Amino acid sequence: MNIFESKINEAWENYRNEKANELYPNVMFLGVSGAGKSSLMNRIFGVDVAKVSNVKPETQGFDHIYMGKKYGMNVNIIDTAGYELHQADSYYDMVHDTIINGVKGNAVHIVWYCIPVVNERIEDMDITILSKLLSEEKIRKRLCVVFTKRDEDDEDGSTAQAYRRVLKEKCPPVETFETSNLPDLPLDLFKLIEWSAKSIDDEDLKNNFIASQFVDLARKKE
């Protein structure tokens, strides 16, 4: 092996070692059972992790954690078990523990709280959990509410507007976005990506998040 080949091999090994230890941003999904969390993560990250059978997610309490390296993504997805309406206190405790302690010692960088636009009102449990989470500054800066299934609302988005008014009246300030299950109805997807990227302070983690999403393709290419 000549000197040139030796240097190439050395550089390649260094690159592999760096990638092996590379940290990915942790994105957490919250919400009631059937809130559309799986559809949202599929649409944004281009992989239906819930249906991938050849790689089992890691578990942490009630969370399923899809480590990006196993799924060809530059993000780790924390998919919480959907709550039932009598679980407000226990669900909050488990959610809070994960957000504060992180995953394998790494912080939860973005929290998307999904509320489906299919009911006449926001559940009291959502108000209770959101109020508690948003009362903490460290959590408030990285949490937003995503109104999912907006395609099931009327043309004017009346239910989503009503939901926004309720949150404004009963919860600390929080960013809200609307999404749908229809590919030709992007709504606030670009804004959600923009907000999420800005919420990540570390540039490498931010770039990994942008590289993993399939919404803003121009920014992804850049």
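This is a predicted model: local features need pLDDT of at least 70, side-chain atom pairs count only at pLDDT 80 or more; totals for chains, interfaces and linings use all residues.
Figure 1. Because Phe177 lies in strand 7 and Trp195 in helix 8, the pair ties together parts of the chain that are 18 residues apart in sequence.

**Figure 2. The aromatic pair of Phe147 and Tyr163.** The structure holds seven aromatic pairs, and the one formed by Phe147 and Tyr163 is edge-to-face, with 5.6 Å from centre to centre and 65° between the planes. This pair links distant parts of the chain, with Phe147 in strand 6 and Tyr163 in helix 7, 16 residues apart. Both Phe147 and Tyr163 are buried.

Figure 3. Strand 6, which spans residues 143-148, is mostly covered, and six of its six residues are buried. In a regular strand the side chains alternate between the two faces of the sheet. Here both faces are covered, with Leu143, Val145 and Phe147 buried on one side and Cys144, Val146 and Thr148 buried on the other. Strand 5 and strand 6 run parallel and are joined by six bridges, and the bridge partner of Ile115 in strand 6 is Phe147. Strand 6 also pairs with strand 7 in the parallel sense, over four bridges. Between strand 6 and strand 7 the chain passes through helix 7 (residues 158-170), and this β-α-β crossover is right-handed.

**Figure 4. Strand 1 between its two pairing partners.** Strand 1, residues 26-31, is mostly covered, as six of its six residues are buried. Asn26, Met28 and Leu30 point one way from the strand, whereas Val27, Phe29 and Gly31 point the other way, and all of them are buried. Strand 1 pairs with strand 4 (residues 76-80) in the parallel sense over four bridges, and in this pairing Met28 stands opposite Ile78. The pairing of strand 1 with strand 5 (residues 110-116) is also in the parallel sense, over five bridges, and Gly31 stands opposite Cys114 there.

**Figure 5. Two cysteines without a bond.** The structure holds zero disulfides. For Cys114, the closest cysteine sulfur is that of Cys144, and the distance of 8.2 Å between the sulfur atoms is too far for a bond. Cys114 counts as buried because its relative accessibility is 1%, and Cys144 is buried as well, with a relative accessible area of 0%.

Figure 6. In soluble globular proteins, nonpolar side chains tend to be buried together. The largest nonpolar core of this model has 30 residues, of which Phe29, Leu40, Ile44, Phe45, Ile77, Trp112 and Phe209 touch the most other members. Two or more residues each come from strand 1, helix 2 (37-45), strand 5, strand 6, helix 8 and helix 9 (203-212), and the largest share, five residues, is given by helix 8. Apart from this core lies another one, of 29 residues, which includes Ile99, Val145, Phe147 and Leu167. Ring pairs link Phe29, Phe45, Trp112 and Phe209 into a cluster. Leaving aside neighbours within four places in sequence, the contacts of Phe209 include Pro25, Val27, Phe45, Trp112, Ile193 and Ala197.

**Figure 7. The covered residues of helix 8.** The buried residues of helix 8 are Leu189, Leu192, Ile193, Trp195, Ser196 and Ala197. An α-helix has 3.6 residues a turn, so residues three or four places apart point the same way. What covers the buried residues of helix 8 includes helix 2, strand 5, strand 6, strand 7, helix 9 and helix 10 (217-221).

Figure 8. Leu185 has its place in the loop between strand 7 (175-178) and helix 8 (189-198). Its relative accessible area is 28%, so Leu185 is partly exposed. Not counting residues up to four places away in sequence, Leu185 touches Arg43, Asp151 and Ser180. Leu185 and Asp151 are 34 residues apart in sequence, and their C-alpha atoms are 7.8 Å apart in space.

Key: Residues are numbered from 1 along each chain as its sequence is written. Side-chain values use heavy atoms; hydrogens and water are left out. Buried means under 20% relative accessible area, exposed over 50%, partly exposed in between (1.4 Å probe, protein chains only). Two strands pair if DSSP finds at least two bridges between them. Contact means heavy atoms within 4.5 Å. A crossover is right-handed if, with the strands pointing away from the viewer, the path from the first strand over the helix to the second runs clockwise. A nonpolar core is a set of buried Ala, Val, Leu, Ile, Met, Phe, Trp, Tyr and Cys residues joined through side-chain atoms within 4.5 Å. A disulfide is a pair of cysteine sulfur atoms within 2.5 Å. Rings of Phe, Tyr and Trp (its six-membered ring) pair if their centres lie within 6.5 Å; planes under 30 degrees apart count as stacked, over 60 as edge-to-face and the rest as tilted.
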